[in-house]
Amino acid sequence: MHMVSEASALSGLTVRALHHYDAIGLVKPSARSSAGYRLYSDEDIRTLRRVGRYQGFGFSLNETRELLAASAADRLVMLQSQLEAHSEKTAETAQAIRHEIDTETARQSEPRDRLDRAGALVARYLNQPESRRVRLLSHLLVEALDLLRPLTTRSPMDPAAVRLANFIYFCRHDSANVAELCQRFLDQDGTFEDRSIATIQLVLALNGLERHEQAVAVHRDHVEQVMAHRPGAEWPETMENSTISASWGSTGKNAEWIALFRKVDAGTVPTPENRSARYELLHTAVMTMGVVDFARHADDINVLTGRMADILAEDPDWSDRIWAEQRFEQQKVGNAIRQGDAQAITDTVDAYRDFLESCDWPVEKIGVSYSNLGALMHWERRHELAMEFFVRAEQLHGLDGYGHAWLASASLAAGAPRERVLERLRKAGCRLESGDAMRIFNQDAVLSAEEGSDDLLDALLLAAS
């Protein structure tokens with residue numbers, strides 16, 4: 001049984017919505033605890049997910065009540081009628097309803113290959129523009145998890161199904177389920193490669209849960225095991241992720257991470273296959289050294305940055321070249337920021353902008369880079385410049401929910417009219433789950449510190465709920 005907060009996370013609905021549905025008798029929890037708290041069963045969660053989808057399709061609460069009570073045949077008729085009513089509305093709404101019809105029709109037959117079908121649902125989700133993924137298509141991920149559940153609960157667990165399920169949980173920012181699934185997988189026998197992947201995913205999940213001491217302990221043990229038993233070509237992949245290094249920083253162990261990095265770096269055997277891992281590890285080392293003490297590590301940072309440039313020059317046809325160049329240009333800005341030199345920041349930002357205007361990247365990659373520049377300037381309190389970059393990103397590629405939220409925050413700090421800020425926040429909310437919207441609001445220094453900020457929070461949450 002699930003408490004109301006967990007039911008909210010599993011269903012994608014707000015706690016307020018669950019309370020309302022209980023009050024009107026739409027979806028009542030199956031039980032109550034001895035203290036009177038609502039307890040939801042797995043079947044209740046599935047019903048709540050249906051309610052969320054039906055609401056997204058435009059059904060009223062009364063129509064949703066009828067759908068839940070209807071027979072399978074009548075439900076198909078109602079869905080078909082709604083599809084016809086939406087014929088002049090957006091293409092993604094019609095697509096989602098067609099999928100619901102297909103799901104109802106196929107519900108009686110077991111899929112022949114759960115993993116392939118789940119993978120197809122995830123691919124369908126990822127193939128949508130970012131601005132369209134959340135509101136109408138996040139149910140695809142829920143359905144994929146339902147398909148994978150038998151493969152991730154039986155013994156032995158299917159490693160490919162575990163990896164795909166963890167990817168879905170990460171998409172939904174559900175670190176708790178990633179940690180639980182990885183721990184169960186690591187408790188059984190498996191190949192070293194599969195266990196390594198699960199261990200890194202476990203560390204990332206522990207970081208997301210802010211269990212940093214545990215994350216560091218698991219990560220340190222994993223790196224040492226790899227260095228003791230695996231060839232040097234595999235070493236960079238053990239610690240190349242900047243999110244993992246954040247756990248070391250959160251526990252005051254950045255110096256220990258740097259010492260471990262030096263051991264891994266010294267024993268690494270460069271290969272074309274580990275080029276991306278080597279590059280990301282150098283990038284993470286530069287950021288970590290800059291945070292610890294830029295002046296003390298300045299020589300190291302210059303050497304490592306030069307080695308990143310050398311990797312970029314290894315192969316002009318490197319499949320990750322654009323990603324690496326993007327990292328490289330952003331790092332130069334980051335170095336200037338950590339150095340604390342205002343003129344250097346201005347110069348590197350101008351150089352990055354000039355680079356973007358002349359590079360051969362696809363337009364969407366340039367748009368993402370402008371959005372990243374906007375975020376950097378927003379965090380540096382250069383709000384006018386942040387607005388310029390976010391607007392450019394929106395013109396080129398469109399903004400995701402985070403981009404619209406940061407643009408709203410920068411606009412607020414720059415003195416834009418309140419209604420314009422609220423409009424931006426509503427756009428952000430339409431592209432975010434409610435949990436992400438709350439996280440952004442709490443973590444953004446401008447939004448959370450604004451006096452009388454209830455209307456700002458409401459604009460985000462009402463659009464996301």
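Predicted model: local features only at pLDDT ≥ 70, side-chain atom pairs only at ≥ 80, totals over all residues.

Author: Residues are numbered from 1 along each chain as its sequence is written, and side-chain values use heavy atoms, with hydrogens and water left out.

Reader: Are α9 and α10 roughly parallel or roughly antiparallel?

Author: Helix α9 (residues 159–171) packs with helix α10 (residues 175–186) at an angle of about 165 degrees, their axes being 9 Å apart. Angles under 35 degrees count as roughly parallel, over 145 as roughly antiparallel, 65 to 115 as roughly perpendicular and the rest as oblique. The relation of α9 to α10 is therefore roughly antiparallel.

Reader: Is Gln188 buried or exposed?

Author: Gln188 sits in the loop between α10 and α11 (192–208), and, not counting residues up to four places away in sequence, Gln188 touches Ser155, Pro156, Met157 and Arg195, where contact means heavy atoms within 4.5 Å. Buried means under 20% relative accessible area, exposed over 50%, and partly exposed in between (1.4 Å probe, protein chains only). Because its relative accessibility is 14%, Gln188 counts as buried.

Reader: Which exposed residues does α23 carry on the face turned away from its buried side?

Author: In helix α23 (residues 434–443), the residues Ser434, Asp436, Ala437, Ile440 and Phe441 are buried. Seen down the axis of α23, these buried residues fall within an arc of 160 degrees, so they line one face of the helix. The face turned away from that buried side carries the exposed residues Asn442 and Gln443.

Definitions and conventions. Helix = DSSP H or I, 4+ residues; strand = E, 2+ residues; numbered from the N terminus. Arc of directions from axis to C-beta. Axes fitted to C-alpha atoms, helices over the stretch in contact; angles between N-to-C directions.
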